Amino acid sequence: MKCPKCGSEYAYQDGALWTCPECAHEWSEAQAAPEAPAQGEGVRDANGNLLATGDTVSLIKDLKVKGSSSTVKSGAKVKNIRLVDDAVDGHNIACKIDGIGAIYLKSEFVRKA
């Protein structure tokens, strides 16, 4: 069993609890069971809604564009998003924004429109 907090594979059972030697997290087997399926279900927005390729989302926060002096304002709608399997630094949405161009976003800064 893997640690639900840090994902360590070195967790061991100590009586009724499981213990992680890397982060010292303790949990019961009943607590870990509901959390395991939720991790691999897909990409979710800031409100917990499941996102899919082709969805329209809106930003919930002003975001500075890295390598540029421009900013994408909150409330901006982004159409036809594409979910990225190999997310770099948590940027799991690829899209095009008018006036900015192609950009990657983190799903925690968008909500499904």
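Reader: Contact means heavy atoms within 4.5 Å; leaving aside its neighbours within four places in sequence, which residues is Asn92 in contact with?

Author: This is a predicted model, and in it Asn92 is in contact with Val43, Arg82, Leu83, Val84, Ala87, Leu105, Lys106 and Ser107, once neighbours within four places in sequence are set aside.

Reader: ok, and which strand is Asn92 found in?

Author: Asn92 is found in strand β9, which covers residues 91-97 and runs antiparallel to strand β8, residues 82-88, with three bridges joining the two.

Reader: Is Asn92 buried or exposed, and why?

Author: Asn92 is buried, because its relative accessible area is 13% and the cut-off for buried is under 20%.

Reader: Back to β8 and β9 then. Which residue in β9 is the bridge partner of Val88?

Author: The partner of Val88 in that bridge is His91. The hairpin of β8 and β9 has two residues between the strands, and within this hairpin Asp89 takes a positive phi near 55°.

Reader: Is Asp89 buried or exposed?

Author: Asp89, which has its place in the loop between β8 and β9, counts as exposed because its relative accessibility is 63%, and the cut-off for exposed is over 50%. The C-alpha atoms of Asp89 and Lys79 are separated by 22 Å, although the two residues are ten residues apart along the chain.

Reader: Which residues other than glycine also have a positive phi?

Author: Ala24 is one of them, with a phi near 65°, and Asn80 is another, with a positive phi of about 55°. Ala24 is found in the loop between β2 (17-19) and β3 (26-28), while Asn80 lies in the loop between β7 and β8.

Reader: Are Ala24 and Asn80 buried or exposed?

Author: Ala24 is exposed, because its relative accessible area is 61%, and Asn80 counts as exposed because its relative accessibility is 58%.

Reader: New topic: how many residues does the largest nonpolar core have?

Author: The largest nonpolar core has 15 residues, and the ones with the most contacts inside it are Cys95, Leu105 and Val110. The elements that give two or more residues to this core are β4, β9 and β10, and β9 gives the most, with three residues. There is also a second, separate core of five residues, which includes Cys3, Trp18, Cys20 and Trp27.

Reader: And what does Leu105 touch, not counting residues up to four places away in sequence?

Author: Leu105 touches Leu59, Leu63, Gly90, His91, Asn92, Ile93, Cys95 and Val110, with residues up to four places away in sequence not counted.

Reader: Which strand supplies the largest share of the lining?

Author: That share, three residues, comes from β10; β5 (63-64) and β10 (101-105) each supply at least two residues of the lining.

Reader: What about the sheet, in what order do the three strands come?

Author: The three strands form an open sheet in the order β7-β4-β11, with antiparallel pairing. The edge strands are β7 (77-78) and β11 (110-112), each of which pairs on one side only. Between β4 and β11 the antiparallel pairing runs over three bridges, and Val57 stands opposite Lys112 in β11.

Reader: Which residue has its C-alpha atom separated by 9.4 Å from that of Lys112, 64 residues apart along the chain?

Author: That residue is Gly48, which has its place in the loop between α1 (29-39) and β4 (57-59). Gly48 counts as partly exposed, because its relative accessibility is 32%, and partly exposed is the range between the under 20% of buried and the over 50% of exposed.

Terms used:
Residues are numbered from 1 along each chain as its sequence is written. This is a predicted model: local features need pLDDT of at least 70, side-chain atom pairs count only at pLDDT 80 or more; totals for chains, interfaces and linings use all residues. Side-chain values use heavy atoms; hydrogens and water are left out. Helices (H or I, at least four residues) and strands (E, at least two) are DSSP runs, numbered from the N terminus. Buried means under 20% relative accessible area, exposed over 50%, partly exposed in between (1.4 Å probe, protein chains only). Two strands pair if DSSP finds at least two bridges between them. Contact means heavy atoms within 4.5 Å. A nonpolar core is a set of buried Ala, Val, Leu, Ile, Met, Phe, Trp, Tyr and Cys residues joined through side-chain atoms within 4.5 Å.
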